[in-house]
Amino acid sequence: AGRPISVCGEMAGDPAAALLLLAMGVDSLSMNLGSLLKIKWMIRSVRYEETQALLAEVLELDTATAIRERANIFLDQQGLSGLLRVGK
């Protein structure tokens with residue numbers, strides 16, 4: 001419909017979720033300040049085409065757990081696994 005799509009909240013600040021939201025075409029993410037730098041780093045570090053390939057792959061999965069696991073593996077393969085442990 002040509003309308004901008006925004007996501008606000010915890011999901012926007014989660015690296016694995018933000019990765020998939022961007023692949024889906026979400027235009028903007030709003031999150032708490034503590035998440036901003038890690039999400040910005042992730043966005044700058046991953047090619048959009050790779051996120052779309054990941055999205056196509058996870059759309060075939062049956063559970064949220066499987067999707068989360070695959071997205072986390074993708075981030076690890078991109079050298080971004082440190083983003084998954086920030087604040088834990």
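**A walk through the helices**

Modeller: Let us begin with H2, which has 13 residues and reaches 19 Å from its first C-alpha to its last, close to the 18 Å expected at 1.5 Å a residue. Please keep in mind throughout that this is a predicted model.

Biologist: Which residues of H2 are buried?

Modeller: The buried residues of H2 are Ser35, Lys38, Ile39 and Met42. Looking down the axis of H2, these buried residues fall within an arc of 100°, so they line one face of the helix.

Biologist: And what is exposed on the other side of H2?

Modeller: On that other side, Leu33, Leu37, Trp41 and Arg44 are exposed.

Biologist: What caps the N-terminal end of H2?

Modeller: The cap is Asn32, which places a side-chain oxygen 3.0 Å from the backbone nitrogen of Gly34.

Biologist: Before we go on, how confident is the predictor in the chain?

Modeller: The protein chain has an average pLDDT of 91, and 95% of the residues score at least 70. Confidence is highest in helix H3 (residues 48–58), at a mean of 96, and lowest in helix H5 (residues 82–85), where the mean is 77.

Biologist: OK, on to the inside. Which residues of the largest nonpolar core touch the most other members?

Modeller: That core has 17 residues, and those touching the most other members are Leu19, Leu20, Met42, Leu54, Leu75 and Leu80. H1, H2, H3 and H4 each supply at least two residues of this core, and H1 gives the most, with 6 residues. In soluble globular proteins, nonpolar side chains tend to be buried together.

Biologist: Take Leu19, then. What does it touch, beyond residues up to four places away in sequence?

Modeller: Leu19 touches Met42, Val46, Thr51, Leu54, Ala71, Phe74 and Leu75 once those sequence neighbours are set aside. Met42 in that list is one of the buried residues of H2, while Ala71, Phe74 and Leu75 are among the buried residues of H4.

Biologist: Where does Ala23 lie, and is it buried or exposed?

Modeller: Ala23 lies in helix H1, which runs over residues 15–23, and Ala23 is buried, with a relative accessible area of 6%. Leaving aside neighbours within four places in sequence, Ala23 is in contact with Tyr48, Thr51, Gln52 and Leu55.

Biologist: What about Met24, is that one buried or exposed?

Modeller: Met24 is exposed, because its relative accessible area is 53%, where the cut-off for exposed is over 50%. Met24 is found in the loop between H1 and strand S2 (28–30).

Biologist: Back to H3: which residues are buried there?

Modeller: The buried residues of H3 are Thr51, Leu54, Leu55 and Val58. They cover an arc of only 100° around the axis, which puts them on the same side of H3. What covers these buried residues includes H1 and H4.

Biologist: And H4, how many residues does it have?

Modeller: H4 has 14 residues, and from its first C-alpha to its last it reaches 20 Å, close to the 20 Å expected at 1.5 Å a residue. Within H4, Arg70, Ala71, Phe74 and Leu75 are buried. Those residues cover an arc of only 140° around the axis, which puts them on the same side of H4, and the face turned away from that buried side carries the exposed residues Thr65 and Gln77.

Biologist: Which side chain does Arg70 make a polar contact with?

Modeller: The side chain of Arg70 is joined to that of Glu57 by a polar contact of 2.5 Å. Apart from neighbours within four places in sequence, Arg70 is in contact with Leu54, Glu57, Val58, Leu61 and Gln77.

Biologist: Last one: is Gln77 buried or exposed?

Modeller: Gln77 is exposed, with a relative accessible area of 55%. Just after H4, Gly79 takes a positive phi of about 80°.

Technical notes: Residues numbered from 1 in each chain as written. Heavy atoms only, no water. Helix = DSSP H or I, 4+ residues; strand = E, 2+ residues; numbered from the N terminus. Buried < 20%, exposed > 50% of the residue type's maximum accessible area, 1.4 Å probe, protein only. Contact = heavy atoms within 4.5 Å. Polar contact = N/O pair within 3.5 Å; in protein donor to acceptor, adjacent residues only side chain to side chain. pLDDT = per-residue confidence, 0-100. Core = buried A, V, L, I, M, F, W, Y, C linked by side-chain atoms within 4.5 Å. Expected span 1.5 Å × (residues − 1). Arc of directions from axis to C-beta.
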